[in-house]
Amino acid sequence: MSIKIKLSAIIFGSVLLILGLNLTLNLYAARNNLLTESKNNMKTTAMQIAVSVEQSNYSSNYVQQQMAYNLRLAAILAAEELDKDISNVSNSQLRRLADKLNMSNISLLVQTEDDIIVAKSSDPAELGLSTKGMGFWYVAFLELFAGQKVSVKQGQTLENFWSGPFEYSTSNPNYIEKWGYYRDPARNYIIDPYIRSTEVSDYVRIMEPEEIVQRSKEINSGLLEITGMNPKTFGSDTMQPDGTDSVNHKLRNRPVRFGTYIFGNVDEDKAAMMTALRKEAPVTIDTSALGKRVLKSFIPITQPGTDDYVITVVMDYAVISSVINEELAGDITTSMLLLLVFFIASYVLSGIVTRPIKDILRKVNDVAKGNFATPLNVTSRDELGQLASRINVMTDRMYQHTNQLGRALEENRAVKEHLESVINGTSDAIHTVDMEGKITSTNKAFEELYGWNADDAQIKLPYLIPATVQKQEEIRLQELQEGATLPPVETLRLKRDGALVEVSVSTSMIRDEEGRPQAFVHVSRDMTERNRIEELLRRSEKLTTVGQLAAGVAHEIRNPLTTLRGFLQLQKEKGVLIPLHIDLMLSELDRINLIVSEFLILAKPQAVHFQEKDVRYILNDVISLLDSQAHLFGIEFECRLSELPAKVHCEENQLKQVFINIVKNAIEAMPGGGTISVSQRIEAKSVIIVISDEGEGIPEEMLPKLGEPFFTNKETGTGLGLMVSQRIIQAHKGSMEIRSEYGCGAEITIVLPVM
C-alpha cells in the first residue's frame with residue numbers, strides 16, 4: 001500500500017472518527033435533552049393535576065362545610081324532638097324525623113365496653129354496625145362521648161359536633177354519603193344524621209381530577225397513563241395488579257386515588273414511590289410495561305394539612321426514540337456527504353504531499369543499485385526538502401565510504417590470506433570449537449597431529465579428550481567462560497587411531513561485542529619429544545646428584561672413621577681402654593649414624609598419607625614445641641596468622657619437620673637473642689608462610705649453594721636438612737625461597753596450594 005493511499009486513509013479515518021464522535025455526542029446530548037424535557041413535561045402535567053386536586057379539595061371542603069352546618073342544625077332539631085334516653089326512642093320515630101328534616105337517614109350511636117355501635121336507625125341496614133375499625137372516625141366518636149373537642153383533622157369540627165369527609169357508605173357502598181355526629185352532653189347517645197344521594201356521589205366524582213387527566217393525555221399523545229397513588233395503602237397485600245383493593249376501597253384509603261393503573265409493576269412502582277417521598281423530589285425510571293419501553297416519573301405531592309400522595313406519569317419511550325431516529329438519519333446523511341468531500345480532498349492532498357517522497361524513494365532505489373551520481377533536486381524548504389538535502393549529503397558520503405570499504409576489503413583479504421598461511425604454516429595444532437563442542441575450523445598441524453580435519457568433524461564429532469582428563473577439561477572451560485585467564489596445561493589427548501599423545505594445550509575464549517561466549521580456540525603442542533629429553537635430563541641430574549651424594553657421604557663418613565681408626569690403633573698399642581677416647585669414638589659413631597639417617601631420607605621415599613590440615617594449627621604446634629628452647633637463648637616469637645582457615649593437602653609430620661628445621665636454623669643464627677617473625681596469609685589460591693629472623697644472615701656468595709647436599713656453615717651440621725625440606729615442599733606441590741642480606745637476618749618464604 002502506497003503512502004498516498006495510507007495518508008488518504010489516515011485523513012479519511014480521522015474525519016470519520018471525528019464525525020462518529022460528534023454524531024455520538026449529538027445523539028447523547030439529544031437523548032439527554034429529550035429525557036430532561038420529557039421529565040419536565042411529566043412534572044408540569046403532574047403539578048397541573050395537583051393544582052386541580054387542590055382546587056377541587058378547596059371547593060369540596062367548602063361544600064362539606066356548608067353541609068356540616070346543615071347536618072348540625074338537623075341534629076339539634078332532632079335532639080329537641082327525641083328523648084334523652086335512647087331506650088325511649090324508636091326506629092320508626094327516627095324515620096319520621098328524617099323525612100321531616102329532609103335527611104336521608106338518622107342513626108343513634110351508643111358506647112359499649114369496647115366499641116361504639118349503631119343502636120337505633122331509620123335505615124335497618126345500619127343497625128348493629130360497629131365503628132371500631134373505622135380508624136380516625138372511631139377516635140372522633142370516643143372524643144365526642146368524652147365531651148372533648150374532636151382532634152381529628154379530617155372533616156369539620158363544630159361545637160359538640162364533628163362531620164367526616166365524603167365517604168362510601170358502609171351499609172350501601174354504591175353511594176357516597178356525608179355524615180354528621182352530634183353529642184348532647186345530657187344524652188347517652190350520639191345523633192348521626194347523614195345525606196345519601198346520587199347528587200353527592202356525582203359531585204364527588206365531578207370534583208376528582210379525572211377530567212384534567214384525560215385532557216392531558218389527549219393533548220400529549222405520548223402520555224400513556226396518569227395515576228394518583230396513596231402511599232399508605234399502595235402495594236398492600238390485598239391490592240390487585242390493576243390497583244383495586246377489596247379491603248382498602250374507601251375514598252380515604254384506596255391505593256389509586258385517581259386515574260388508571262394499567263402500565264404498572266407494583267413492586268417496582270412502590271419502591272420508586274417511596275424513594276420520591278423520601279427525597280421529596282421526582283424520581284424517573286426507564287422500564288417496560290405491556291411490551292412497551294416506557295418512562296415513569298413519580299412526583300411527590302406534599303401540602304400542609306393534607307395527606308401526601310404521589311402522581312405517576314407514564315410516557316411512551318417511542319416518542320423519544322422517533323425524535324432521536326429522525327435526528328440520527330439527518331446527521332448520518334450530512335456525515336456521508338462530508339465524508340465523500342473529505343475523501344476526495346484527502347486523496348488530492350495526499351498526492352501533493354507525497355510527490356517529493358516519490359522522488360526520494362526513486363533516489364533511494366538508485367542508491368540501493370549502486371548509482372550514487374545523480375543528486376536529488378531540492379526545491380522546497382520544509383521537512384521533506386531538508387530530508388532530500390540530507391539524503392544528497394548521505395549519498396555523497398556513502399559513495400566515499402563505499403570506495404574506502406572496497407579498499408579495506410582488499411586489504412582485509414590480503415591480511416586474511418597472510419594469517420591463514422601463518423596459521424597453516426605453524427607447527428602448533430590449532431582448532432576452534434563452538435559452544436556445543438563441534439569443531440568449526442582446523443589448521444594443517446592439527447590434521448597432522450590428531451589425524452582429523454574440519455570436514456571429518458562435520459560428519460563425526462572427534463573424540464579428542466580421554467576420560468581421565470575429561471573433568472579437568474570441563475573445569476578449565478568453565479573458568480574461561482567466567483572470565484579467567486589460564487596458562488597452558490600439559491595433558492593427554494587422543495589421536496584418530498586411539499593412541500595417546502602428550503600435549504601442551506593453551507585455550508582462549510572468543511566473545512561477541514556484548515561479551516557473550518561464542519567459541520574456544522585450542523592451541524596444542526606435541527610434548528612427546530620434549531618430555532623424552534627432559535626425562536633424560538632428569539636422569540642425568542639424578543646420576544649427578546647420586547655422584548655428589550656418594551662423594552659427600554664418602555667424605556663425611558671417612559673423617560669420623562679415620563678418627564675411630566686412630567683411637568683404636570692407639571688403644572691397641574697401649575693395650576688399655578681410655579674412657580675419654582671411648583666417648584669420642586661413640587660421638588663419632590653417632591655422627592656417622594646421623595649422616596646415614598639423613599641420607600636415607602633422601603635416598604628412600606617415605607610412606608606418606610596426605611590429609612586436609614590447617615597450616616595455622618601446624619605452625620602453632622611447632623612454635624609451642626620450640627618456645628622453651630627459644631627462651632633459653634632469649635628469643636621471642638612474633639606470630640601474625642590469618643583469621644580465615646588455611647587448609648592444605650599435606651602430610652602433617654613432614655610439614656612439621658620443615659618448619660622445625662627452619663625455626664631451629666633461625667634460633668642457632670641468633671645466639672645473642674632476638675625475635676623470630678612467623679606470618680601466614682592467603683593470596684589467590686595459595687597459602688604463604690614467611691619465617692624471618694634477626695641473625696647475621698647469609699653471605700651473598702653462599703646463597704646459590706644453599707640446598708646442595710653436605711653444604712653447611714655450621715660446625716656440627718650435615719648440610720642435608722635444607723635439602724630434605726626442599727624435597728618435602730616440592731612433594732607438596734609448593735615452593736620455598738630463601739632471601740638474606742648479610743648482617744640483616746634471613747627470610748624464608750614457603751608457598752603451598754590451598755586445598
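In this predicted model, strand β17 (residues 500-511) and strand β18 (residues 517-526) are joined by 9 bridges and run antiparallel to each other. Within this pair, V505 lies opposite S524 in β18. Strands of a sheet are held together through backbone hydrogen bonds, in either a parallel or an antiparallel arrangement.

The two strands belong to an open sheet of 5 strands, ordered β15-β14-β18-β17-β16, with antiparallel pairing. At its edges stand β15 (439-442) and β16 (489-494); each has a single partner strand, so one side of each is left without a neighbour in the sheet. From one strand to the next, the twist averages 35°. Helix α11 (residues 470-481) packs on this sheet and touches β16, β17 and β18. The direction of α11 makes about 20° with that of β17.

Now turn to another helix, α6, which covers residues 266-279. Its 14 residues reach 20 Å from the first C-alpha to the last, close to the 20 Å expected at 1.5 Å a residue. Which residues of α6 are buried? They are D269, A272, M273, T275, A276 and L277. An α-helix has 3.6 residues a turn, so residues three or four places apart point the same way. The buried residues of α6 are covered by elements including β9 (223-229), β11 (283-289), β12 (292-301) and β13 (309-316). Just after α6 comes E280, which takes a positive phi of about 55°.

Technical notes. Residues numbered from 1 in each chain as written. Predicted model: local features only at pLDDT ≥ 70, side-chain atom pairs only at ≥ 80, totals over all residues. Heavy atoms only, no water. Helix = DSSP H or I, 4+ residues; strand = E, 2+ residues; numbered from the N terminus. Expected span 1.5 Å × (residues − 1). Buried < 20%, exposed > 50% of the residue type's maximum accessible area, 1.4 Å probe, protein only. Contact = heavy atoms within 4.5 Å. Pairing = 2+ DSSP bridges. Axes fitted to C-alpha atoms, helices over the stretch in contact; angles between N-to-C directions.
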